[in-house]
Amino acid sequence: MTTTAARGLRVAELATAAGVRPDTIRYYERAGLLPAPERTAAGYRSYDAGALDRLRFIQGAQRLGLRLADIRTLLAVRDTGTCPCEPAEDLLRRRLAEIDAEIARLTALRAEMTAMADALPTASCPPPSPGTWCPPAEGGDSPCSS
């Protein structure tokens, strides 16, 4: 009987070790994130120990919100044996700017929703005018926009 170490990891074994589905591993191969593994005589994929390390790198980069194309770039630099620090810093700084922009957008959205909630009438108010959120105010104008 051949041990796993001698024959390498099959796709399902690698997927289990990395906590992903086998389809994810096949997708990463097609996307160029994982190199094509050796094949057994029966045609099964046989991954070496480096594949699990590579998958963990991919997962870590995804947790940071990096796109697969960015991860592919970092892996290509990493594969040359060169430190990927400079390209990684550029990608991370760009991602930070995207996150800051999203936080600003969400903060503005929160302020708008808070203002709308604060402008809603009490439970004892009349029904709203057609096409608006709120009933008309005493002067006939709606206190909030439609």
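**Reading the fold and its helix contacts**

Mentor: Residues 24 or more positions apart account for 38% of the contacts in the protein with a separation of 6 or more, where contact means heavy atoms within 4.5 Å. This is a predicted model, in which local features need pLDDT of at least 70 and side-chain atom pairs count only at pLDDT 80 or more, whereas totals for chains, interfaces and linings use all residues. Residues are numbered from 1 along each chain as its sequence is written, and side-chain values use heavy atoms, with hydrogens and water left out.

Trainee: How many helices and strands does the protein have?

Mentor: Helices (H or I, at least four residues) and strands (E, at least two) are DSSP runs, numbered from the N terminus. The protein has six helices and two strands. Along the sequence their pattern is α-α-α-β-β-α-α-α.

Trainee: What percentage of the residues counts as buried, and what is the accessible surface of the protein?

Mentor: Buried means under 20% relative accessible area, exposed over 50%, and partly exposed in between (1.4 Å probe, protein chains only). Of the 146 residues, 23% count as buried. Accessible areas come from the Shrake-Rupley method with a 1.4 Å probe; for residues, only the protein chains shown count as cover. The surface of the protein comes to about 9900 Å², with 58% of it belonging to carbon and sulfur atoms.

Trainee: How do the axes of α4 and α5 cross?

Mentor: Axes are lines fitted to C-alpha atoms, for helices over the stretch in contact, and angles run from 0 to 180 degrees between N-to-C directions. Helix α4 (residues 49-63) and helix α5 (residues 68-79) have axes that come within 10 Å and cross at roughly 135°. Angles under 35 degrees count as roughly parallel, over 145 as roughly antiparallel, 65 to 115 as roughly perpendicular and the rest as oblique. The two helices α4 and α5 are therefore oblique to each other. A crossing is right-handed if the near helix is turned clockwise from the far one by less than a right angle, and left-handed if anticlockwise; that of α4 and α5 is right-handed.

Trainee: Which residues of α4 and α5 meet?

Mentor: From α4, D53, R54, F57, I58, A61 and Q62 meet L68, I71, L74, L75, R78 and D79 of α5. The residues of this contact comprise seven nonpolar, one polar and four charged. Here Ala, Val, Leu, Ile, Met, Phe, Trp, Tyr, Cys and Pro count as nonpolar, Asp, Glu, Lys and Arg as charged, and the others, Gly among them, as polar.

Trainee: Is L74 buried or exposed, and which residues does L74 contact?

Mentor: L74, in helix α5, is buried, with a relative accessible area of 4%. Leaving aside neighbours within four places in sequence, L74 is in contact with F57, L66, P84, P87, A88 and L91. L74 and F57 lie 17 residues apart in sequence and 9.7 Å apart in space, C-alpha to C-alpha.

Trainee: How do the axes of α2 and α4 cross?

Mentor: The axes of helix α2 (residues 11-18) and α4 come within 10 Å and cross at roughly 45°. Helices α2 and α4 are therefore oblique to each other, and their crossing is right-handed. L14, A17 and A18 of α2 make the contact with A51, L52, L55, R56 and Q59 of α4.

Trainee: Why does Q59 count as buried?

Mentor: Q59 counts as buried because its relative accessibility is 17%. Not counting residues up to four places away in sequence, Q59 touches A18 and V20.
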